[in-house]
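Biologist: I have a model open and would like to learn how to read it. Could you walk me through it?

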Amino acid sequence: MILDTFKLDGKVAVVTGANTGLGQGMCVALAQAGAKVAGVARRSCAETAELVKANGGEFLEIIADLSSSEPVERIVKETVDKFGRADILVNNAGIIIREDAIDYSEEDWNKVIMTNQNVVFFLCQAFAKQYIKQGEGGKIVNVASMLSYQGGIRVPAYTASKSAILGLTRALANEWAKYNINVNAIAPGYMATNNTKQLRSDEQRSGEILERIPAGRWGTPEDMMGAVVFLSSSASAYVNGFTIAVDGGWLAR
Ligand code: NAP
C-alpha cells in the first residue's frame with residue numbers, strides 16, 4: 001500500500017546539524033517514520049535526543065565539528081558500530097556569514113565553503129561507499145537553499161556553496177543511481193531558525209521577505225518533515241538528482 005512505502009522501519013538515518021532548527025525537526029520526522037537516528041553536531045543534542053525518544057525512536061549522538069572533513073570517516077564508523085548499517089544521510093549542517101561582497105574576507109569565504117560544500121561532498125562520498133558495501137542502495141538528502149536559485153544579498157560564499165549543492169546533487173545522482181542510491185536535495189525557503197535570526201531582526205528586510213512569501217508566513221522545522229521522509233523512503237525510488245523547494249511559494253512568485 002502506498003503509505004507503507006513512506007515507512008522507514010529498520011532504517012538508520014544520519015542527520016548533521018541535529019541539535020537545533022531544521023536538523024532537529026528532520027530527526028523527529030525520520031524517527032516518527034520508524035528510522036533510528038544518529039545526530040551529528042558540534043555540541044550537545046540532548047534536546048533532540050529527548051524529542052526523538054518521545055516519538056518512540058532511538059538516538060545516537062555523534063559529536064563532530066564539520067568545519068573540516070577530518071571527522072567524516074568516524075561519523076560513518078560510529079553509526080555502523082552502534083546500529084550495524086546506514087541507509088539515509090541528511091546533509092543539513094550549514095553556516096551563513098553576512099558581509100558586503102566587496103569586504104568579504106578569504107577566511108570567511110573558506111569557512112562557509114568548507115562546511116557547506118566541501119564537507120558535504122566528502123560525507124556523501126563516505127556514505128555512498130558504505131551503501132555500496134552493504135549492497136542495498138541508500139538515500140542522500142542535501143539541504144540546499146533559495147540561494148541555490150537566486151543571488152541573495154551580502155552572502156556571496158553562502159550563495160556559491162548552496163548553488164554548488166544543487167549541482168553536486170545532480171552530479172552524484174548521475175553516478176550513483178546505478179547503485180540504487182538516490183541523491184536529492186531540499187531547498188528550504190525562509191525559515192524561522194538561528195540561520196535567519198539576524199535577517200528577522202532587521203525590520204525592513206524581514207518585512208520585505210514576508211511580503212514576498214505567498215504562504216504569508218516564515219517556514220518552520222515542521223515544514224521540512226514531509227519532504228525529508230519522502231526523499232528518505234522508497235516512495236521516492238525513481239526521484240534522482242532533484243531539489244525540492246519547501247518555500248511557501250517563494251520561487252513560484
Ligand atoms: P541553524 O539553526 O543555524 O542550524 C545549522 C546547523 O548546522 C546547526 O545545528 C549548527 O550547529 C550546525 N553546524 C554549523 N556549523 C557546524 C560545524 N562546523 N560542525 C557541526 N555542525 C555545524 O539553521 P537552520 O535553518 O536549521 O539550518 C539548517 C540548514 O538549512 C543549513 O544548511 C542552512 O543553510 C539551511 N537553510 C536554512 C534556511 C533558513 O531560512 N533557515 C533556508 C535555506 C537553507 P550549531 O548550533 O552548533 O551552530
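Modeller: We'll take the ligand site, then a few single residues. Before that, a note on the source: this is a predicted model, where local features need pLDDT of at least 70, side-chain atom pairs count only at pLDDT 80 or more, and totals for chains, interfaces and linings use all residues. Residues are numbered from 1 along each chain as its sequence is written, and side-chain values use heavy atoms, with hydrogens and water left out.

Biologist: How many residues surround the ligand, and which are the closest?

Modeller: A residue is near a molecule if one of its heavy atoms lies within 4 Å of it. Here 28 residues surround the ligand, and Asn19, Arg43, Asn92, Tyr158 and Thr193 are the closest. Helices α1 (21-32) and α5 (156-176) each supply at least two residues of that shell; helices here are DSSP runs of H or I, at least four residues, and strands are runs of E, at least two, numbered from the N terminus.

Biologist: What is the shell made of, by class?

Modeller: It has 11 nonpolar, 13 polar and 4 charged residues. Ala, Val, Leu, Ile, Met, Phe, Trp, Tyr, Cys and Pro count as nonpolar, Asp, Glu, Lys and Arg as charged, and the others, Gly among them, as polar.

Biologist: Which atoms of Arg43 and Gly94 lie by an oxygen atom of the ligand?

Modeller: Look for N or O pairs within 3.5 Å. For Arg43, a polar side-chain atom lies 2.5 Å from a ligand oxygen atom. For Gly94, a backbone N or O atom lies 3.3 Å from an oxygen atom of the ligand. Taken alone, the ligand exposes 880 Å², and the protein buries 94% of that (Shrake-Rupley method, 1.4 Å probe).

Biologist: Now single residues. Is Ala49 buried or exposed?

Modeller: Buried means under 20% relative accessible area, exposed over 50%, and partly exposed in between (1.4 Å probe, protein chains only). Ala49 lies in helix α2 (residues 46-54), and it counts as buried because its relative accessibility is 12%.

Biologist: What about phi in Arg154 and Asn180?

Modeller: Most residues other than glycine have a negative phi. Arg154, though not a glycine, has a positive phi of about 65 degrees. Its place is in the loop between β5 (138-143) and α5, and Arg154 is partly exposed, at 37% relative accessible area. Asn180 also has a positive phi, near 65 degrees. Asn180 sits in the loop between α5 and β6 (181-188) and counts as partly exposed, at 47% relative accessibility.

Note on methods:
A polar contact is a pair of N or O atoms within 3.5 Å; within protein, one must be able to donate a hydrogen and the other to accept it, and residues adjacent in sequence count only if both atoms are side-chain atoms.
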